[in-house]
Amino acid sequence: MEDNHIIELYFQRSEDALKETQMKYGNYLYSIAHNILCNHEDTEECVNDVYQKAWESIPPQRPTRFRAFLGKMTRNIALNRYKYNSADKRYQGITQQFDEMDNLVATDNQVECTFDANELAAAVNAFLGRMSKRNRILFVRRYWYMDSIKDIAGHMGMTENNVKVSLKRSRDKLKKFLLEEGFLYE
Amino acid sequence: MSEELLIDVMGQIDDKYIDEAETGYHSTHKMGYTPAVIAACLVLIVGGMFLYQKMGETGIRRNELSVSAAELGMEEYLFGITLPQIVYADSEIAILYDSRGIYVYSFLEEELVGFADFRPVDMTCINGEYATMVVASNDGRYVRAYSMPAIDHPQRSFLYDVAKNEFAQVTAYDDAEFEQYVPDDVTSEESITNYSRTFRLEDNILIGVALQVKEDPDYLYRYKDLHIIRQKDNDVKKYYIFE
């Protein structure tokens with residue numbers, strides 16, 4: 001079923017909306033949440049939370065990119081659950097991604113600065129817009145979808161080492177960009 | 001600035017990049033054919049034809065073992081989120097897997113003829129960092145299921161012998177006897193189902209998995225509702241795997 005038809009079902013308050021959403025995007029949402037949580041039960045709960053939140057959000061919202069809309073919801077809910085539970089080390093799923101980002105923001109003699117997170121998001125979007133499509137897909141798969149290096153290598157037809165090198169170069173460029181834009185100081 | 005903030009900010013990137021990374025990702029390896037890959041494919045095709053011919057000469061394909069869905073207790077199981085995916089298909093069989101295990105369906109006998117259970121060996125995680133990866137050989141005789149190596153999580157490897165219906169842990173794989181099956185994914189051009197990717201087999205047969213949609217909005221979908229669709233020209237046939 002087309003996305004606009006599914007959204008119309010939400011507006012009609014038809015429970016078929018949830019069924020169709022699950023049919024079409026269930027696997028997609030599961031994989032996003034599972035990449036972060038790596039736990040079947042928590043992932044199922046997370047995805048169910050997404051359906052409930054979608055039901056509560058539409059209407060009034062009418063997403064133009066339904067898949068990304070659901071995906072963002074899933075990522076946010078899964079990350080919140082990850083942060084809530086990571087204190088007792090239940091999850092190992094995305095510690096590598098956090099470590100890689102930690103290396104990006106760590107600078108010598110760094111001075112903390114204050115800024116609006118929305119401004120930073122706009123800067124990251126601008127940075128993504130400057131990247132080649134291939135590098136951008138690599139970057140988004142790693143730090144948005146939280147895919148493993150092995151999965152990315154398999155899908156992109158690259159070696160794991162090539163993926164790591166490409167991601168490292170992209171992180172270095174992002175760091176340089178954020179320094180130039182005043183989000184980081186040395 | 002913290003790494004956590006950057007991970008959070010990534011959550012606010014433009015929707016178009018999220019979509020691009022999903023659609024571009026699954027088609028990238030198709031676009032990335034190099035002469036070496038094409039040559040490797042030709043070797044696989046010629047090798048596959050040779051193996052097929054050899055099997056035809058000996059008359060040995062698979063044994064008569066059959067496994068009923070009832071025996072597996074699968075038919076009334078409710079679906080979670082992940083539907084079984086096809087990892088191998090030809091004119092005789094389809095091999096699928098999900099978090100419960102590997103299923104072999106015979107189009108000739110129109111029933112399950114094999115099952116490898118992931119649950120007793122704790123291989124049910126099929127997504128994420130420690131995921132179980134499942135790949136089939138290009139002759140459909142073997143399926144490898146192995147976990148991803150990670151800190152505090154050693155890699156484990158299993159081999160499923162389709163003909164013998166035997167699933168066992170192995171210390172290492174013998175690459176000399178295994179060429180990975182790479183399906184001809186035509187989802188972007190000729191999709192026949194909303195529930196899975198569409199693969200093209202020999203003789204221009206299209207194949208995918210789907211669910212029988214019910215009128216009742218409260219209906220909870222079960223394994224018995226899952227079927228394989230095989231389409232050749234306008235002739236569509238459904239095979240209910242778990243009925």
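Helices, taken as DSSP runs of at least four residues marked H or I, are numbered from the N terminus. The legends below describe a predicted model.

**Figure 1. Overall make-up of chain A, which has nine helices and zero strands.** Read from the N terminus on, the elements of chain A follow the order α-α-α-α-α-α-α-α-α. Chain A has 186 residues, and buried residues make up 51% of them. Among the contacts in chain A with a separation of 6 or more, 65% are accounted for by residues 24 or more positions apart.

**Figure 2. The interface of chain A and chain B in the predicted model, to which chain A gives 66 residues and chain B gives 49 residues.** The area buried between the two chains is about 5500 Å², and carbon and sulfur atoms give 61% of that area. Met23(A), Arg65(A) and His155(A) supply 11% of the area that chain A buries against chain B, which is more than any other three residues. Between chain A and chain B, 14 residue pairs are in polar contact, with both residues at pLDDT 80 or more. On the side of chain A that touches chain B, the elements giving two or more residues are helix H2 (16–37), H3, helix H4 (66–86), helix H5 (95–105), helix H6 (117–130), H7 and H8 of chain A. The largest share of this side, eleven residues, comes from H2(A). By residue class, the side of chain A that touches chain B divides into 31 nonpolar, 17 polar and 18 charged residues.

**Figure 3. A salt bridge between Asp19(B) and Arg65(A).** The closest N and O atoms of Asp19(B) and Arg65(A) are 3.0 Å apart, and across the interface of chain A and chain B the rule finds six salt bridges. Arg65(A) is also one of the three residues that together supply 11% of the area that chain A buries against chain B.

Figure 4. A disulfide is a covalent bond between the sulfur atoms of two cysteines.

**Figure 5. Asp42(A) in helix H3 and Met73(A) in helix H4 of chain A.** Asp42(A) has its place in helix H3 (residues 40–57) and counts as buried, at 8% relative accessibility. The C-alpha atom of Asp42(A) is separated by 9.7 Å from that of Tyr82(A), although the two residues are 40 residues apart along the chain. Met73(A), found in helix H4, is buried as well, with a relative accessible area of 9%. Once its neighbours within four places in sequence are left aside, Met73(A) is in contact with Val50(A), Lys53(A), Ala54(A) and Ser57(A). Between the C-alpha atoms of Met73(A) and Asp49(A), which are 24 residues apart along the chain, the separation is 9.2 Å.

**Figure 6. Two cis peptide bonds, from Ile58(A) to Pro59(A) and from Pro59(A) to Pro60(A).** Pro59(A) is found in the loop between H3 and H4 of chain A, and Pro60(A) is found in that loop too. Omega is near -15° for the bond from Ile58(A) to Pro59(A), and near 10° for the bond from Pro59(A) to Pro60(A).

**Figure 7. The loop between helix H7 (133–143) and helix H8 (149–156) of chain A, followed into H8.** Met146(A), which has its place in this loop, has a phi near 60°, a positive value in a residue other than glycine. Met146(A) is buried, with a relative accessible area of 1%. Ser148(A) lies in the loop as well and counts as buried at 3% relative accessibility. A polar atom of the Ser148(A) side chain lies 3.1 Å from the backbone nitrogen of Asp151(A). Asp151(A) is in turn one of the buried residues of H8(A), together with Ile149(A), Ile152(A), Ala153(A) and Met156(A). After H8(A) comes Gly157(A), whose phi is positive, near 65°.

**Figure 8. Asn165(B) in a loop of chain B.** Asn165(B) lies between strand E7 (157–161) and strand E8 (166–170) of chain B, and it has a positive phi of about 55° although it is not a glycine.

Terms used:
Residues numbered from 1 in each chain as written. Chains lettered and ligands numbered in written order. Predicted model: local features only at pLDDT ≥ 70, side-chain atom pairs only at ≥ 80, totals over all residues. Heavy atoms only, no water. Buried < 20%, exposed > 50% of the residue type's maximum accessible area, 1.4 Å probe, protein only. Polar contact = N/O pair within 3.5 Å; in protein donor to acceptor, adjacent residues only side chain to side chain. Contact = heavy atoms within 4.5 Å. Buried area = accessible area lost by both parts, 1.4 Å probe. Salt bridge = Lys/Arg side-chain N within 4 Å of Asp/Glu carboxyl O. Nonpolar A, V, L, I, M, F, W, Y, C, P; charged D, E, K, R; others polar.
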